[in-house]
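Could you help me find my way around this structure before I look at it in detail? A colleague's short note, point by point, would be very welcome.

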Amino acid sequence: MEDRLNVIGNALEAIYNTTVSNERRAAASQVIESAKELSPADVEQIAYALISKKDLILARTGWNFLEHIIKFKWLVIDEQSRFTIRCTCFAAMKSDAMLRNELRCAAARCVVLMMEHEWPQNWPELFDQLEDIASVSATHAQIPFITLQLLVENVVTLVTVENISRRKDLNNAIASNVPRILHIIHLALRECSVEITDESYSLVRSALDLFGELVEWLPANVLEPYINDLLYTVCSFLDTPQHCIYEVAAKCLWRLASRKQAKNEENLVVFALFGDVPMRSILRAANQAASVGAGNVEHYRFLKTLCNVLSALGIHLADVCTQRPPNFGMYLAAIEAFFSHPSVYLRNEAVAVFASLINHEKIGDDEIFNECICRVIISTPNSLEKVGYPSQNGHETCRFSQHDYDDDNDFSHEFTQFRDRCLKVIRSCCTEKHVGLLISIVEKWFISRCLICPDLVRQTEWDAMQRFSKLVLWECHSRKLLNPDSYKRLSLLFDGMLILMAKCTSPLLMNNLLSMLSTLLVTVGRYPQLLVSLLSQLRRPLSDHVDDDIDEKSVKRHCIALLLRIVTIFADDIKGQAGTILEFCLSIRPFLSLMQLASCMQIIAALSNLCVDFATQNNFLSSALSDSLHYFLQTEIQEVFQSDIAFLSFFGFTSPAPANVAEAAKSSFMLNRRRFRAHLSTLEGIMAQTQSIAPPFHPAYSAFRPVLPAIFLLVKRLNSLYDPKNASVIHMSYGPISIFEITSSERQQLLTSVDSCLSSTARILSDDPGTHARAFLFDVTEKMQTLIGYFASKAAKQLFSDSEIGSWSLFLSCHLTYIPDFRLRFWLRRTWKPFLCACPEAAYHSVRQLLLIVIEELSKRLQSRWKQLTTLECSEDEEPSQEQLLVEHMACILTRECTILLRDLFGISDVGDKIEEASCIKNCFLKDEDVIGKIVECVFLCLTYRDATSVVRIIPVCRNVTESLNERCSEGIAVFMLVQSIQSLQIHGSDELAVTHLLSLVFFIYSSLRERFSSLSQILQQVPECSVEEVERLDRRIASMKCNKDFANEKMKREIMKKLLRTVIATSVGEQHRRPVHHRPLPPIPRRKEHPEEDFTDLRFLFDDI
């Protein structure tokens, strides 16, 4: 024995010695683990010997050995050994060694494990033994509370007890003993409140921890007899800073306020917390904690916990409230104070309460609440200012942010959530009740700040008021809450802003004034004559000759965007001024850059929507498009599209890049790029803004028709540029990174999020020629993708009836293998999806080849990418590099884009996964054996890619495919679908959401096709531990369901398949490496008879020594 103890002691010394190498430490750990696997009798003796040691590490290791026996070998040892272990545990727990917290927790874990095996059936005297331990001293009295807390965590909170029968017995036993436990907690807290010793404070913490673990799940009717007394006692510890007891007490209240129980019972708990004693205690403690400021981290943490209590209570109140609770005014005053606190964290918690309560039927009409909301409305504009970055020190909020956030990005995320909640509250306040106050705040700010002293307004204040004013004015306008007097006052502000703009010389101030002016555009609908004054003021900045001043250019872009907004939003109101606007746009054309002119053409396109008939709109747009169409019809430009080298040479990529800005300004190649991008932007912008007045015919199509061959040829050219051979012709001055690589902004977005809905931008302010070249290719490609998408969605009837549509669609399918993933995803989303889904049945054969090539390429590429990722996962033990992360994120995004395309082709709605209007060609490709075969392959391969989000979204498509094929389904396809579905379970079985849908899918495929294909049953029989009898039993059950038309609910179907396929369903990593625990089978607990409540007064002796 001594030799073994020496070996274990040496191993422990190596493990805890920081100078020992990792290899030796791992070997020492293996020695400890090997010792645990000795015979139970030997392990037991080692455990007892170690527990008796005075050294903390040795004693704790002894308890670990004993825990190992109880957990894994309880069923192996005999009854006498079990009894001996139990007695030894309780004898050791009475010793002075329990004065160490680590050993108390280790002993409690052993007791809990024995309880999981034996209690309550074989251990009725447990509580008596725990009481005996508690009577030793105040320190020993912590052990029962620690034990019960761990038990509740294992059985109720974390549900680590896997044996359902044992978990149910333990749950029932805990529930039946809750009154006794609550009474002991109350008694301990009350007795300790009069004692001032470290031991009593530690006992209070243990009792509060147990109470916090219980209150989250106990039914309200169980809590009712004890809730008030316990609340009073817990609240009494809110002013006890020793051992941070006040924070533990606050967390108890937080867990009580956050309960998610039956609403009709929760009034009891909520109103108890609103009682005089709890509410006053919480507010008094919060006031004391807030008085310290950001300098004391401990007090600030306590203040945050109290804020969480009040926030959770308010949100809870919104769920269950039927009448005003007591002390409601006092509570709202506290929430209002938190809303005004410098800390963004506290403000965010406070505004969450207002966002929850404001739409409540009864609370929303409460007089006290409305008075509070009025004050909140007044203070909101200041709160919307984004100040307090943790990297700065210029504001009081910064000091709190330095405690709450790791970096500026974390702060920005929290502030964005806070701002959204504030605006949600303001939006809800846009009612007749508050409209006067809201308008007066906006009006007062415009008069006192914007019009009188605009130079003194901070940038953060501009941004905050722009959001606030825009929301208030546009929301009230849309809800028809503004009266004539309000519009009149706003029109005066509009005039004042125009006067101010006339005097403005600063581009930064002009941009801010234009932003604020845009919030006042609601007056244009009521006073169209204001438009004339606005145009006269916009003429000055738009007529200025600007060379390369970025700020001046931004003012021009802002002016054009403002005018476009007026024309699109107030189209009906400004019909009478349409001629004036058109004349204005034509008059400023000489002063605009090429890109600004392209933006201006969007205004003209929007004006075309006001034409009286289709012919007039057609002529109007033909005139607007003439310059750009002429550009693309030039022989020089047509030749550019004929070959890769011609394209690259025309834009200067085969020649030396400009060395500086001056050279770039004079470069003919740079001029070619600007002209090309500007004219392409004009075409895209006109298609974006034009709405036909005689659908389905598009008024611009006939004007576009001559350049459509060139546009579709340009698609072919853009994709062929990615042919590897083209990299060698690019001039070396464009840098070591290929101009065909991903842009920096795209890369950053991919590395920070897997959200496929993110939009990319290539706008990078850099003089690097390679960066500009990549941005140019990105912009041109993006505009082409969008332009063709517009043709398909807005002019489908004319486009797909064109005689050349077949050759054009082939251009869309050219060189797909060259397209990199980061470009392919946008071709999918912006071009191929709208093009294929808008195609009518009559034109199916024109797009058939495109559909086939796209589906084949997606299948091959996704299989390749996920296989590559699997190889990387197997070969790399280190942290993945950024390039590896990029590949993984790109694979996920491309898979999701593929899923979206397939869902749209089959008409699967995003709302409830219902089948809505499918693509027009669905019936055609379902009858096309070659195409549907490839689609089925692509769809069901998506089930096996390691992206659970895509799997969940593709499953409705799989069901629809199975249904739609019906009699056309071959045996090979049926086998493939079932095998892929089962393989998906092997990969995604640990994902709760995915496995739910997958089990339903497997049952659906099997039950739908088994009758026709007997080979499906043979596939199930190949599943490990799935017998022929079980499969035959399933077949009979399915046949019975169909015969009786008695289809079981989805849950029952899932359970059937789960039982059958249990051996192939993947488990989580933790479950894979978790050693199984086998609990002792015990007889069921007999049903208890009602009896009078026990008298617990005799338990006072437990705390006599405290």
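Here are some notes to read alongside the model, going from the whole chain to single residues.

1. **What kind of model this is.** Please keep in mind that this is a predicted model. The average pLDDT of the protein chain is 91, and 95% of the residues score at least 70.

2. **Where to be careful.** Residues 754-765 have a pLDDT below 50, although this stretch has 35 contacts in the model beyond near neighbours in sequence. Another such stretch covers residues 1091-1106, where pLDDT stays under 50 and the model has 26 contacts beyond four places in sequence. Where pLDDT is low, the predicted coordinates should not be read in detail.

3. **The overall build.** What does the secondary structure of the protein chain come to? It comes to 52 helices and 0 strands. Taken along the principal axes, the C-alpha atoms fill a box of roughly 100 × 75 × 70 Å.

4. **Inside and across the chain.** Of the 1106 residues in the protein chain, 54% are buried. Sequence separation is worth a look too: among contacts between residues at least 6 apart in sequence, 75% join residues at least 24 apart.

5. Start with helix 24 (residues 507-519) and helix 27 (residues 550-569), whose axes come within 9 Å and cross at roughly 10 degrees. With that angle, helix 24 is roughly parallel to helix 27. Their crossing is left-handed.

6. **Who meets whom in that pair.** On the helix 24 side, the residues in contact are Pro507, Met510, Asn511, Leu514, Ser515, Leu517 and Ser518. Helix 27 brings Asp551, Glu552, Ser554, Val555, His558, Cys559, Leu562 and Arg565 to the contact. By class, the residues of this contact divide into 7 nonpolar, 5 polar and 3 charged.

7. Next, look at helix 50 (residues 1028-1044) and helix 51 (residues 1050-1060): their axes are 11 Å apart, and the packing angle is about 165 degrees. Is helix 50 roughly parallel or roughly antiparallel to helix 51? Helix 50 is roughly antiparallel to helix 51, because an angle over 145 degrees counts that way. Here, too, the crossing is left-handed.

8. **The residues of the second pair.** Glu1030, Leu1034, Arg1037 and Met1041 come from helix 50, and they meet Met1052, Ile1056, Met1057 and Leu1060 in helix 51. This contact has 6 nonpolar residues, 2 charged ones and no polar ones.

9. **A buried arginine.** Arginine 166 sits in helix 9 (residues 164-192). Is arginine 166 buried or exposed? Its relative accessibility is 2%, so arginine 166 counts as buried. Leaving aside residues up to four places away in sequence, arginine 166 touches Met115, Glu116, His117, Glu118, Trp119, Gln121, Val161, His1079, Arg1080 and Leu1082.

10. **A buried valine in a loop.** Valine 707 belongs to the loop between helix 35 (701-704) and helix 36 (708-720). With a relative accessibility of 0%, valine 707 counts as buried. Not counting residues up to four places away in sequence, valine 707 touches Leu629, Phe632 and Leu633. Leucine 633 is 74 residues from valine 707 along the chain, yet their C-alpha atoms are separated by 6.5 Å.

11. **Cis peptide bonds.** Between tryptophan 119 and proline 120 the peptide bond is cis, with omega near 5 degrees. Proline 120 lies in the loop between helix 6 (101-118) and helix 7 (126-134). Tryptophan 119 is also one of the residues that arginine 166 touches. Another cis peptide bond, with omega about 10 degrees, joins proline 695 and proline 696. The place of proline 696 is the loop between helix 34 (668-689) and helix 35.

12. **Histidines with positive phi.** Histidine 243, in the loop between helix 11 (220-236) and helix 12 (245-257), has a phi near 55 degrees, a positive value in a residue other than glycine. Its relative accessibility of 35% makes histidine 243 partly exposed. For histidine 815, phi is near 60 degrees, again positive in a residue other than glycine. Histidine 815 lies in the loop between helix 40 (805-812) and helix 41 (821-838), and with a relative accessible area of 28% histidine 815 is partly exposed.

Terms used: Residues are numbered from 1 along each chain as its sequence is written. This is a predicted model: local features need pLDDT of at least 70, side-chain atom pairs count only at pLDDT 80 or more; totals for chains, interfaces and linings use all residues. Side-chain values use heavy atoms; hydrogens and water are left out. Axes are lines fitted to C-alpha atoms, for helices over the stretch in contact, and angles run from 0 to 180 degrees between N-to-C directions. Helices (H or I, at least four residues) and strands (E, at least two) are DSSP runs, numbered from the N terminus. Angles under 35 degrees count as roughly parallel, over 145 as roughly antiparallel, 65 to 115 as roughly perpendicular and the rest as oblique. A crossing is left-handed if the near helix is turned anticlockwise from the far one by less than a right angle, and right-handed if clockwise. Contact means heavy atoms within 4.5 Å. Ala, Val, Leu, Ile, Met, Phe, Trp, Tyr, Cys and Pro count as nonpolar, Asp, Glu, Lys and Arg as charged, and the others, Gly among them, as polar. pLDDT is the predictor's confidence in each residue, from 0 to 100. Buried means under 20% relative accessible area, exposed over 50%, partly exposed in between (1.4 Å probe, protein chains only).
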